[in-house]
Amino acid sequence: IRWTEGRGWHDAQLVPYAPLSLDPANMTLHYAQTIFEGLKAYLQPDGSVATFRPEANAERFRTSARRLAMPELPVETFIAACDTLVKQDRAWVPSEGEASLYLRPFMFATEVGLGVRPANEYLFLVIASPAGAYFSGGVKPVSVWLSEEYVRAAPGGTGAAKTGGNYAASLVAQAQAIEHGCDQVVWLDAIERRWIEEMGGMNLYFVYGNRIVTPELSGSLLPGITRDSLLSIATDLGYEVAEGRISVDDWKRGNEDGSLTEVFACGTAAVITPVGSVKSTRADWTVADGEPGEVTMRLRTALLDIQTGRAADPHGWMHPLGA
Ligand code: PMP
């Protein structure tokens with residue numbers, strides 16, 4: 001679907017997957033006006049297909065667009081575009097367990113020019129790819145590297161938007177994580193380098209027995225849809241749930257005195273991943289016994305059961321597409 005200044009959204013098309021041809025002076029290549037989303041379509045027990053919370057992705061896409069001075073796509077147009085593609089690619093929706101069809105809606109500037117200003121033409125696209133179960137052979141805890149040198153996002157920046165620049169800025173820190181033998185980077189706040197923000201592509205949760213805490217939306221972390229869903233699911237399951245500030249010292253201390261029983265990360269791709277160990281320039285430690293925790297696995301199953309239609313959907317999150 002195209003957007004042109006003065007004309008708005010127009011020319012919705014369903015076309016075969018193919019390369020795009022871009023002018024060398026395409027404004028996106030230079031000034032990075034680009035935003036995206038990620039969501040999944042799951043096969044349901046009755047053979048139909050449903051997407052998980054597409055309106056939440058559509059709303060976040062609008063928020064990202066506002067921050068990047070891009071036009072806002074109506075929620076219903078975003079959902080209709082996803083529905084159209086899933087129906088077309090129905091045969092690509094995997095049938096086994098946790099597998100899904102991953103959808104990647106995105107928008108970028110198509111105007112040609114070398115002046116720094118919001119573009120006057122954009123293209124919104126949705127592409128899809130089958131995604132297998134994230135963990136083959138059982139859920140495996142990840143090891144994380146606390147990034148003290150680099151920050152992902154600062155107050156007033158683009159951290160709460162899903163825009164390519166945030167990910168470009170994260171690559172050197174992710175490379176450092178790998179160099180230190182870790183799977184993922186954990187970001188701290190930009191000012192004090194003290195408060196836990198999020199992981200490279202997932203939000204974090206800290207479990208203290210029956211109490212579950214996730215870092216509050218500081219404005220510089222991505223408001224994850226999985227994070228938001230778990231606030232409700234954990235409450236439904238009887239946990240005491242809170243959003244708050246958690247420092248690196250809180251994490252270390254909770255681990256030492258045994259009050260912190262589990263830590264996990266959550267996002268569309270992996271749903272829920274236990275965090276098994278932490279490394280930083282100051283200290284390394286294992287989270288509890290380093291194994292997937294009971295609360296982590298219970299929440300993981302509860303969310304996946306809703307997504308795959310094995311359990312009731314009390315919050316009306318599933319968006320059915322028909323058989
Ligand atoms: N944080 C970042 C930086 C991400 O890229 C993602 C993945 N979209 C998340 C958190 C988790 O968000 P969601 O649950 O909406 O996938």
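This report describes selected helices, strands and loop residues of a predicted model.

Residue numbers start from 1 along each chain, following the sequence as written. Because the model is predicted, local features require pLDDT of at least 70 and side-chain atom pairs count only at pLDDT 80 or more, while totals for chains, interfaces and linings use all residues.

**Packing of α5 and α7**

Two packed helices are described by the angle between their axes and the distance between the axes. Helices and strands are DSSP runs, numbered from the N terminus (H or I with at least four residues for helices, E with at least two for strands). Helix α5 (residues 225–236) packs with helix α7 (residues 294–307) at an angle of about 110 degrees, and their axes are 10 Å apart. α5 is therefore roughly perpendicular to α7. Angles of 65 to 115 degrees receive that description, those under 35 count as roughly parallel, those over 145 as roughly antiparallel and the rest as oblique. The axes are lines fitted to C-alpha atoms, for helices over the stretch in contact, and the angles run from 0 to 180 degrees between N-to-C directions.

On the α5 side the contact is made by S229, L230, I233 and A234, and on the α7 side by L299, A302 and L303. Residues are in contact if their C-beta atoms, placed from the backbone, lie within 7 Å. The residues of this contact divide into 6 nonpolar, 1 polar and no charged. In this scheme Ala, Val, Leu, Ile, Met, Phe, Trp, Tyr, Cys and Pro count as nonpolar, Asp, Glu, Lys and Arg as charged, and the others, Gly among them, as polar.

α5 has 12 residues and reaches 17 Å from its first C-alpha to its last, close to the 16 Å expected at 1.5 Å a residue. The expected span is 1.5 Å times one less than the number of residues. The buried residues of α5 are I225, T226, R227, S229, L230, I233 and A234. A residue is buried if 20 or more other C-beta atoms lie within 10 Å of its own, exposed if 12 or fewer, and partly exposed in between, with C-beta atoms placed from the backbone.

Just after α5, G238 takes a positive phi of about 95 degrees. L237 is placed in the loop between α5 and β13 (240–244). L237 touches R298 and A302, leaving aside residues up to four places away in sequence. With 14 other C-beta atoms within 10 Å, L237 is partly exposed.

**Helix α2**

The 14 residues of helix α2 (residues 54–67) should span 20 Å at 1.5 Å a residue, and the end C-alpha atoms are 20 Å apart, in agreement. P54, N57, A58, R60, F61, S64 and A65 are the buried residues of α2. Seen down the axis of α2, these buried residues fall within an arc of 165 degrees, so they line one face of the helix. The arc is that of the directions from the helix axis to the C-beta atoms. Just after α2, A69 has a positive phi of about 55 degrees.

**Strand residues**

V278 lies in strand β15 (residues 271–279) and counts as buried, with 21 C-beta neighbours inside 10 Å. Not counting residues up to four places away in sequence, V278 touches V144, L146, D284, W285 and V287.

Y42 is found in strand β4 (residues 39–43). Y42 is also buried, with 22 other C-beta atoms within 10 Å.

**Loop residues**

D11 belongs to the loop between β2 (8–10) and α1 (27–31). Phi of D11 is near 60 degrees, a positive value in a residue other than glycine. D11 counts as exposed, with 10 C-beta neighbours inside 10 Å. A288 lies in the loop between β16 (284–286) and α7, and its phi is near 50 degrees, likewise positive in a residue other than glycine. A288 counts as partly exposed, with 19 C-beta neighbours inside 10 Å.

Y150 is found in the loop between β8 (142–147) and α4 (164–179). Y150 is partly exposed, with 16 other C-beta atoms within 10 Å, and touches V172 and A173, not counting residues up to four places away in sequence.

**Sequence and spatial separations**

| Residue pair | Separation along the chain | C-alpha to C-alpha distance |
|---|---|---|
| V278 and F106 | 172 residues | 33 Å |
| Y42 and R245 | 203 residues | 34 Å |
| L237 and G8 | 229 residues | 45 Å |
| Y150 and V172 | 22 residues | 8.2 Å |

Definitions and conventions
Contact = placed C-beta atoms within 7 Å.
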